[in-house]
Amino acid sequence: MLCGRLPAQRKRFRRFGRGLSKTRVAAARNSSDNDTWSSPPARVSVIAANTDCSSSVAPRHRRSALSIGCALFLCFAGASTNGEEKSSSETAPAPPSNRRIPPAPFDSPPFPASDWQIGGTPIIGDPGILPTYPLMGAIYASPSGEAWRKSRIQIYGWENFSFNLSTSRNTSRSPNANFPMIYDLRPNQIEQNQFVLYLERLPDEAQTDHVDWGFRVSAVYGLDYRFMISRGLFSDQLLKHNAYYGFDMPMVYLDLYVPGVFQGMNIRIGRIISEPDIEAQLAPNNLMASHSLLYGFDNYTQTGIFTTTRINSQWTIQAGLSNGTDVALWQDDPGNQPTGTVMIQWTAPNQKDSIYFGDNAFNNGEFGYNNLQQIVGTWTHKFNEKIYTATEAWYLYMNDAKSHPTADVPFQSGSFPVRDGHASEWAILNYTMFRIAPSAFLTVRNEVMDDRVGSRTGYATLYSEHSVGVTWWPNKILTLRPEVRYDHSYDTSAFNNGTRQNQFTFSMDFIIHY
């Protein structure tokens, strides 16, 4: 989540709205990182400080608006001819799949992922074939195209920008009047959320006759870096300078697929989006433009070794060892310590239900930058080809938390709690999706979160949030996601910089794939 200012200032640091804070997210199609659904990944990150930086970025916003207009024109121009002229790559029949597990339960697109939710691994049993976006299409058409195809290495990404209209307008105390809503903390303006570049190779985990390998290197620039940062890795731009736009590399890892262990094992080594959650840090992996409170304030990234083993057609077990949550290997922080991860996925024989649960991070729970202990689970149910629902719940805590900065913990990814001692919180979230067209679906989201001592948001209160949104793919490279949202804090005023208990927002984001 985020943190605060410099320890010498001895100010009370508030996560997103009253100090610094953080939130996150992530993405990929049949490979998972958070992979939220065995697909793309995501999360939230540091958010705010009391210094208004808006004046320094205003000229950039005016330039961004012009760029955005040009990009939209080009995308819609492409969409208008989509039904008249199709390239050979669009009309050619897809190669037969050698997937050795049941067919994917969901269509992606329009849904962000096609498989049951599982993070931190490719889908064991799937050949790992990505769609071809424009950049790779151009590379494949070049003289070296066939060598690229054989290598299975791909380069692709997207640009994601958004705007919001909010009833929160009081920015006199902090620009982040929308907080604790994330990622778009600042009300009534356009944001450049994330420009993302992936270089990756997915292992073929459908075959069973040889060991295979893969990797991913990701780079992100934009507002959303604030929700991905680990203390000690590119973190000064946020923790010391409170830059609204910045750079991060939320995923840098190697994959090793070993087919001889049960029905296949994947070993992932490096920095990953933490395994649980319906949502992810990267925009295409999400069901809506905005993020839930549940997702915005839990664990984001971890660095270590993570194994995923498919035991049989119903059970998959994950076990991992990391150095903690959201902290660099070399950073001096109480949370930088050996940390375990155990997650279990169960899928029903009729392919209508899946449960994904476990303990995402466990160590001694000592108070640190973001040393969250997280017990979490998600149940997903498919009613039919057009309707499915996913319900997630978690319980988080840290021990012996302090209500103020200390020498060891000068910053907080969330917020410093309102009182010392055990700091815990719980949340429950439901997403229900209705496919309304071949290229579009409607989403209804409802959630409750209890930030008992304010260690996530800076306000000790119960929250509820209710949203309705639509995801539409007008063509193969553009995604549009309008939504309306209502937030409420029950025990104290948490919105509009602590002056209101209610907040209405309309927002929309645009994803341009390349």
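I began with Trp472, which is partly exposed at a relative accessible area of 37%. For this term I used the range between buried (under 20% relative accessible area) and exposed (over 50%), with a 1.4 Å probe and protein chains only.

The model is predicted: local features need pLDDT of at least 70, side-chain atom pairs count only at pLDDT 80 or more, and totals for chains, interfaces and linings use all residues. Residues are numbered from 1 along each chain as its sequence is written, and side-chain values use heavy atoms, with hydrogens and water left out.

I placed Trp472 in strand S17, residues 461-475. Strands here are DSSP runs of E with at least two residues, numbered from the N terminus. Leaving aside neighbours within four places in sequence, I found Trp472 in contact (heavy atoms within 4.5 Å) with Ser439, Ala440, Leu478, Thr479 and Leu480. I also looked up Pro482, 10 residues from Trp472 along the chain; their C-alpha atoms are separated by 9.0 Å.

Next I turned to Asn193, which lies in strand S4, residues 190-201. Asn193 is buried, with a relative accessible area of 4%. Not counting residues up to four places away in sequence, Asn193 touches Asn160, Phe161, Ser162, Asp184, Tyr221, Gly222, Leu223 and Asp224.

Last I looked at strand S3, residues 153-166, where 10 of the 14 residues are buried, so S3 is largely enclosed by the rest of the structure. Two strands pair if DSSP finds at least two bridges between them. S3 and S4 run antiparallel, joined by 11 bridges; Phe163 has Ile190 as its bridge partner in S4. S3 also runs antiparallel to strand S19, residues 502-513, with nine bridges. There I noted Ser166 opposite Thr505 of S19.

Key
Helices (H or I, at least four residues) and strands (E, at least two) are DSSP runs, numbered from the N terminus.
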